[in-house]
Amino acid sequence: MIGFCRAARKEKTALLGLMLMFFLSYAMPLGAITPIEISKELEALSSQKQELYRELAVDLRCPTCTGLSVLQSDAPFSLQIRQAVIDKLREDKSPREIKQFFTDRYGLWILRTPPSEGFHLLAWLGPLLIVFFAFLGLWANYWRRQSSVSSQGIRSKEAILIQMEREIGLLKEGVSL
Amino acid sequence: MLADFAYFLLLLCLFSSIYGALASFAAAKYRHLRLFRSAKMASFATLGLALLAAGLLWGLLLSRDFSVAYVHKISSSDLPFTYTLAAFWASLEGSHFLWTLLLAVYTAIAQASYAKDNEVIMPYVSGTLQAILAWMFYLAVFHSDPFAPLFPAPLEGNGLNPLLQNPYMTFHPPSLFTGYTSLAIPAAYGVAALFYGDINEGWLKSVRRWTLYAWSFLTVGIFLGGRWAYIELGWAGYWAWDPVENSSFLPWLLSTALLHSLLVQDRLGHLKRLSIVLAFFAFFFSFFGTFITRSGVISSVHSFAQSPIGPNYLIFLGALMVLFVCLYALRAQALLPADSEKVWGFSKESALLITQFLLLSFAAIVFIGTLYPIISESITGLRFNIQAPYFNAFAPYLGLAFVLAIGVGNLLSYQSGKIRGGAKAYLWSLLLAIAPTFVFAYFGELSRSQGFVLGIQLLGIFLCFWTLFCLLIDLLVRLSFVRWQVSGFLSRNVSYLGSFLAHIGVLVAVLGFLGNYRGLDKTVTLKHGESTELFGYRFSFDRVETRHVENMTLFEAPLSVHKDGQYIHTVTPARAKYPTSKELFHEVGLYSEFWHDIYGVLADFDKEAGKSATFELHINPTVRLVWLSLYLMVGGSLLCLLDGLRGFRRREL
């Protein structure tokens, strides 16, 4: 449990570091960017790039809020990231390069989904594997089998009763079991 | 003084529930009726004492007794009456106490109202429930005491988190907790069936009722939370796949699965063990959710409820799991399926099994996504949170599979491949669904999406309408079987009608989700007298006005909305200033038409003259369908609950 608590603290330190990096890398006066400026700059881009901007901004997390993308948040850091995305798009960078830029700088932490490579492939394949094997299990257990014996090899109550009756009948006839 | 007395009451509750648990299990072991009666009385005593303690907490909140740490933490003198009452469950200690109180209430009700059939297993049920209750009281007494004193007593409290000062937040926690706590009862019945080694007819009836009850409240609770996020957080969405949202969704999925496995059990006497496992896991995940909220293992929007109570929950969850697995391993083979012929072919029971498969797959994905940050950190050392896009990559396909399963499954019959009304029903629905799909696509403004997304949306909408027509044709066919004796049919098939409504509710919800897959938004600054246009709507701004409502100061920026030159409505996005916080909180301006929500957020405004303001305007299609689906689903489930026939019927199990 202490480990968990420490993890939470570690995240906070990481957050502080990240904030610092933002200040150092952009060195902008605080509060320089407002949502309205971003929307104006966005309108200046071509409609294709606006679409790209949306797709990219949805995949980057807001550093200071929980569960939201930079697109959904107006926190100062989110606005700076959005500004950076627009700048990169204006420089005709591809979405891949832009994502690479952010992950190089701030780590995978900035992404909202695990990348589909290396160990993190597990997060994507895990659910698919579970679904596949669960279905296989169901098929083997219910649809392939055509007997009235339960999965643990125990016969049902009725089957046991029939056998008992038969054996009682045999006993009455004088057969020793 | 009063607080000390209330703490003493909690201590008494702890002792009486420990006694109740021990006495119940002893009564079960030695078949001692009077000992069991005494254990039952202990649970009523616990309830009485807990209610008294809750009354005292409310009294302390209303009298603003800041010498109690909890009262100081969550209330202040400016808080209005209703929010003072709701402050009871605004933070960790109080919400834990509310949970415990509700569990005491349902433990007592379950003891007072069992079916005659269940007499033999009741000691086990009672013992299980009171053991859980004892654990909750232990936590309340030793780890999260709502009556802890604060010395010296401050003159003013910290105040309630402004985000929680919202009518939906008043009802969201009690409703959700009602669902969680009443899920303990099916789980207790499951444990009792394992101990006893058999399932009788009354078991099914009781478990079905309690699961339906819990399911209704869970659904209401989840929707209230979504609605709160929609109107309070200002990001124009209602579901963010936040870890805590997910962990309220897990018990919902599992209890839905339980309802469907009970159906097979009722008709065919199969899936008994699955029902028990599902009942246990539904309950288990309701506690798992609390663990996530409380411990801060995973960061979430609900982190205002964090505390060192986390490790205790982990111990509890671990112990629960170990005990249940042991009990199941030792006793489960005693529960035999009925010896029914011709099962699991192409038939309704197979369709229900597929439903289980889909629901549990969904639960598994949500579970993996929620816990992945911990897995990833422990293996690669890298911590990041999985957020919405991950879940959105899986959810649409599962959603469509659900829709398909509802359509196909409802028309099938048990133990035979016969389709009611014949395969024609499916084909006719294909034809009938085409027109509504286009109507919906037109009004839901699908023209804004393109490519793959548009394809999924169209396919989904078509499938929803296809399923809707399948269900309607099925109803007509059933009515024609009884020669259109409508009232007679309905009075004898109340639970069919209930499930019909609930399934339509699911379809309406899926249609809603598909429609608002992508909204339209715009950020704009308007000066006095200016106006802007978005998607055919014209928004005109006049000035920012200041208004005082109860404890808050509102800065309102009314926008009058016109469409085609006609005045429609005035939406009033605002910012609220509370005396206990420096921050300005969002009050969303919202106007709902049937097809669209006009949703305005006041991002910034000129604080001196109030002559200009920056708005974020959203047009969200089909959100209203999502809220509508709540009424259908809960109405349907309540109808099922009212059905007197189902469950009373004697069946060979």
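Student: How many aromatic pairs does a search of the whole structure find?

Tutor: In this predicted model, the search gives 66 aromatic pairs over all chains. One of them joins Phe132(A) and Phe133(A) in an edge-to-face arrangement, with 5.3 Å centre to centre and 75° between the planes.

Student: Why does Phe133(A) count as exposed?

Tutor: Exposed means over 50% relative accessible area. Phe133(A) has 51% relative accessibility, and therefore counts as exposed. Phe132(A), at 48%, counts as partly exposed.

Student: Which residues form one aromatic cluster?

Tutor: The cluster includes Trp124(A), Trp241(B), Phe249(B), Phe362(B) and Phe402(B). Among the residues that Phe362(B) touches, leaving aside those up to four places away in sequence, are Trp241(B), Phe249(B), Leu253(B) and Phe402(B).

Student: Which residues touch the most other members of the largest nonpolar core?

Tutor: In soluble globular proteins, nonpolar side chains tend to be buried together. Here the largest nonpolar core has 183 residues, and Phe102(A), Phe147(B), Trp203(B), Phe287(B) and Phe362(B) touch the most other members. Helix α9 of chain B, residues 201-232, gives the most to this core, with 14 residues. Apart from this core lies another, of 35 residues, including Leu471(B) and Leu632(B).

Student: Where is the pLDDT of chain B below 50?

Tutor: Where pLDDT is low, the predicted coordinates should not be read in detail. Chain B averages 89, with 96% of the residues scoring at least 70. Over residues 647-653 of chain B, however, the pLDDT is below 50.

Terms used
Residues numbered from 1 in each chain as written. Chains lettered and ligands numbered in written order. Predicted model: local features only at pLDDT ≥ 70, side-chain atom pairs only at ≥ 80, totals over all residues. Heavy atoms only, no water. pLDDT = per-residue confidence, 0-100. Contact = heavy atoms within 4.5 Å. Core = buried A, V, L, I, M, F, W, Y, C linked by side-chain atoms within 4.5 Å. Buried < 20%, exposed > 50% of the residue type's maximum accessible area, 1.4 Å probe, protein only. Helix = DSSP H or I, 4+ residues; strand = E, 2+ residues; numbered from the N terminus. Phe/Tyr/Trp six-rings, centres within 6.5 Å; stacked < 30°, edge-to-face > 60°.
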